Amino acid sequence: MDVEFRPLTEDDIDQVLRLRAIAFGQFGDREGYLASVTWRLPYSLGAFSGGRLRSMSIMIPFEAYVAGRRVTVGGLSGVATAPEARRLGLVAKGLRRWFEDLRERGVGWSTEHPFDPTFYARLGYQTVPNGHTLELPLPRLKAAARGATWEGGLVAEPAGPEAAPALARVFAPWARRFSFALTREDGLKPYWDWTFRRPYGDVTHVAYVADDAYAVLTVKDEDGRPEGRTVLVVRDLAYSSPAGRRRVLALLASFEGQADAVRLHLPPGDQVAAHWAAYHTVRSPELQVRVVDLAAALGGLPWPADDRVVLGVSDPDCPWNDGTFVVETGAEGARVTRAAGAEPEARLSIAALAALLTGSAAPASLLADGRAEGSLDALTKLSTPLAGHPVFKPHNDHF
């Protein structure tokens, strides 16, 4: 089958909507859904055969925090293939084009939320921990929220989209603590408007705002749940102080009697998640990351020590990452150069490297399960840059 890859345009919209309807199901509000698709067109790639759109993907250049620094990451989304064109390698071919494009623009990382993590693992993506999503009986928040107050004894005040600047001020220091959290400051989409209401959705969320914390939420009946059961769904939350955290939890606990449980996405290390994740974790979108350019990804990280590692990397989809490299690290970044003929101190795949860098697997674990081989000391030297900024990408920024 002869295939042409090219960016999608507004002339292709009807074909795009048909393909997405087959892949993701029918949409309700056509106008809102169309708006959510149209803004992505500049970041799209379509595979055409016989004049028909057979497959498509989107790679959005989001600005995100990684190890405390602002970097551009390629956000992969909207991957869809027509049933008659599946198992022809169209997605893989399209992604290899995206990887080349990202490299040319100096982008080192790509992230995505997979429909099947093993599918994208074949293309070098690595599943990484992304906090905990809990559905928790509200009384269990009371202990964590004890002692929280704000002006006049309240914990927060309700607000609408006009409160977006106040939310952004709280969100910035919150997001900077983590890796792969979006900055929401790149101007690519109306982040705060869509936090309150998705253009294709029929649910409007309400914000409760204090000076050092906020939560955006709604109360709704859940399909398939026992009659009368309601869940407080937290769309987004952030806090910039310990007192702010207590205020957010106190606000959520105050819905006891109106809702039976609260569903919220908590960052790694949160004490509520530590207590209750084994009992109340619910299904939520997975997060995968990929190193698309070894030199750009490692070069943009702060390293705690000056070191040198000879590293062997296998990456069949990105030949510029495949081979033996000298990695020289320092506080300003890393210098990565090819070392043809040198003997690597350690070897691993590009996905295992992402696991090592993000902390989703310890060096000893990678050696034990065969994803890496060689020197434990060499791998340990490369496992440090994200240690103070664990991976956490709020579900509100799902793309």
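How many nonpolar, polar and charged residues does the lining of the second largest pocket have? I found five nonpolar, nine polar and two charged. Here Ala, Val, Leu, Ile, Met, Phe, Trp, Tyr, Cys and Pro count as nonpolar, Asp, Glu, Lys and Arg as charged, and the others, Gly among them, as polar.

I worked on a predicted model, where local features need pLDDT of at least 70, side-chain atom pairs count only at pLDDT 80 or more, and totals for chains, interfaces and linings use all residues. Residues are numbered from 1 along each chain as its sequence is written, and side-chain values use heavy atoms, without hydrogens and water.

**Pocket.** I looked up the lining and got 16 residues. Nearest the centre lie Asn-130, Gly-131, Ser-284, Pro-285 and Glu-286. (A pocket is an open set of points on a 1 Å grid over the protein atoms alone where a 1.4 Å probe fits, with protein on both sides within 12 Å along at least five of seven lines; lining residues have an atom within 4 Å of a point.)

**Ser-383.** I placed Ser-383 in the segment after α13 (376-381). Its side chain reaches the backbone oxygen of Thr-380 at 2.8 Å. Beyond neighbours within four places in sequence, Ser-383 is in contact (heavy atoms within 4.5 Å) with Leu-356 and Pro-363.

Definitions and conventions:
Helix = DSSP H or I, 4+ residues; strand = E, 2+ residues; numbered from the N terminus. Polar contact = N/O pair within 3.5 Å; in protein donor to acceptor, adjacent residues only side chain to side chain.
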